[in-house]
There are 2 protein chains.
Amino acid sequence: MTPSHRLLAVLAEPTRLRILDVLLAGPCAVGELVELLGVTQPATSKHLRVLRAARLVHVHPDAQRRVYALRPEGLAELDAWLAPYRRLWEGRLDALEAHLDANPDPGRSLS
Amino acid sequence: MTPSHRLLAVLAEPTRLRILDVLLAGPCAVGELVELLGVTQPATSKHLRVLRAARLVHVHPDAQRRVYALRPEGLAELDAWLAPYRRLWEGRLDALEAHLDANPDPGRSLS
DNA sequence: ACCGTATATGCCTTGACACGTACATGCCCT
DNA sequence: AGGGCATGTACGTGTCAAGGCATATACGGT
């Protein structure tokens, strides 16, 4: 029904999240993923299948290896769903920021 | 493991997403949610329990009624997780935009 | 052609979760 | 105090998806 629900279901899986985090650093073959994640190869392949169906990754065959790479545009839908909520909490943050502007430098330790 | 995985699991549920969307318009009592969503009351209460545990909503008792309201800051964690990916796809969009700036209006008058 | 490597798929079991029904709790009104 | 309304909770059930194992497919080297 909600389109973003499917996407969220795909992301609601620790292993798949870790796969995306790994791919964030750059493309990766299945074997490397298996090693890095400590997950069995069939499980990894199935998760990759799900990520592929969600258009979050794409494959580039290189001999027997299959190199997976990120498709970050797929996450734009999630960003769009998040937008109205972000306006809300940023509104509160803006109020905080205005307060900080009025009382400068009360602890600059946050990155 | 990943902290955001819990949050995503909470959101990976159409009914819970719809509840958040309703609360986006403003606070709401359980009975109204039951009516609006067409879900049984126990189911609604259970989903609200999950959303409460995830600190995405908070309750304000008003006599027998319990009015639920949004807590959008809880979604900031999801936004933070999304940030590095957003940089990627926005990078591509920026590149496209730069291209469009260099070659203004490539085919606006055609299709 | 054969073998080893790399990846995908099929079947089965198990565990988690959402739903429905019934019940418990809490609050207001008379 | 009692009855009705609004909401939370316990239990049993069905469904769905993740994991493990075995196997199938694809490719390269010899």
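This passage describes a predicted model of two protein chains, A and B, together with DNA strands C and D.

The relation between the two chains is considered first. Chain A is superposed on chain B by a rotation of 180 degrees with 0.0 Å of shift along its axis, the RMSD being 0.1 Å; this is the relation of a two-fold axis. Of the interface residues of chain A, 100% are also interface residues in chain B, so the copies meet through the same surface. Chain A gives 23 residues to the contact, and chain B likewise gives 23 residues. On the side of chain A that touches chain B, the elements that give two or more residues are helix H1 (3-11), helix H2 (14-24) and helix H5 (76-102), and the largest share, nine residues, comes from H5(A). By class, this side of chain A has 18 nonpolar, two polar and three charged residues.

The surroundings of B:Val57 may be given in detail: when its neighbours within four places in sequence are left aside, B:Val57 is in contact with B:Leu23, B:Leu48, B:Leu51, B:Arg52, B:Tyr68, B:Ala69, B:Leu70 and B:Arg71.

In chain A, three strands form an open sheet in the order E1-E3-E2, with antiparallel pairing. Strand E1 (28-29) and strand E2 (57-62) stand at the edges, each with a single partner strand, so one side of each is left without a neighbour in the sheet. E1(A) is joined to E3(A) by two bridges, and in this pairing A:Cys28 has A:Tyr68 as its bridge partner in E3(A). Six bridges join E2(A) to E3(A), which also run antiparallel, and here the bridge partner of A:Val59 in E3(A) is again A:Tyr68. E2(A) and E3(A) form a hairpin with two residues between them, and A:Ala63 in the turn has a positive phi of about 60 degrees.

DNA strand C is surrounded by 21 residues, of which the closest are A:Gly31, A:Pro42, A:Ser45, A:Arg65 and B:Thr40. Helix H3 (30-37), helix H4 (41-53) and strand E3 (65-70) of chain A, together with helix H4 (41-53) of chain B, are the elements that give two or more residues to this surface, with the largest share, six residues, coming from H4(A). The residues of the surface near DNA strand C divide into eight nonpolar, eight polar and five charged.

Around DNA strand D there are 20 residues, and the closest are A:Pro42, B:Gly31, B:Pro42, B:Ser45 and B:Arg65. At least two residues of the surface near DNA strand D are supplied by each of H4 of chain A and helix H3 (30-37), H4 and E3 of chain B, and the largest share, six residues, comes from H4(B). By class, the surface near DNA strand D has eight nonpolar, seven polar and five charged residues.

Definitions and conventions:
Residues are numbered from 1 along each chain as its sequence is written. Chains are lettered from A and ligands numbered from 1 in the order in which they are written. This is a predicted model: local features need pLDDT of at least 70, side-chain atom pairs count only at pLDDT 80 or more; totals for chains, interfaces and linings use all residues. A residue is near a molecule or strand if its C-beta atom, placed from the backbone, lies within 6 Å of it. Helices (H or I, at least four residues) and strands (E, at least two) are DSSP runs, numbered from the N terminus. Ala, Val, Leu, Ile, Met, Phe, Trp, Tyr, Cys and Pro count as nonpolar, Asp, Glu, Lys and Arg as charged, and the others, Gly among them, as polar. Two residues are in contact if their C-beta atoms, placed from the backbone, lie within 7 Å. Copies are superposed by least squares on the C-alpha atoms of residues with pLDDT of at least 70 in both. Two strands pair if DSSP finds at least two bridges between them.
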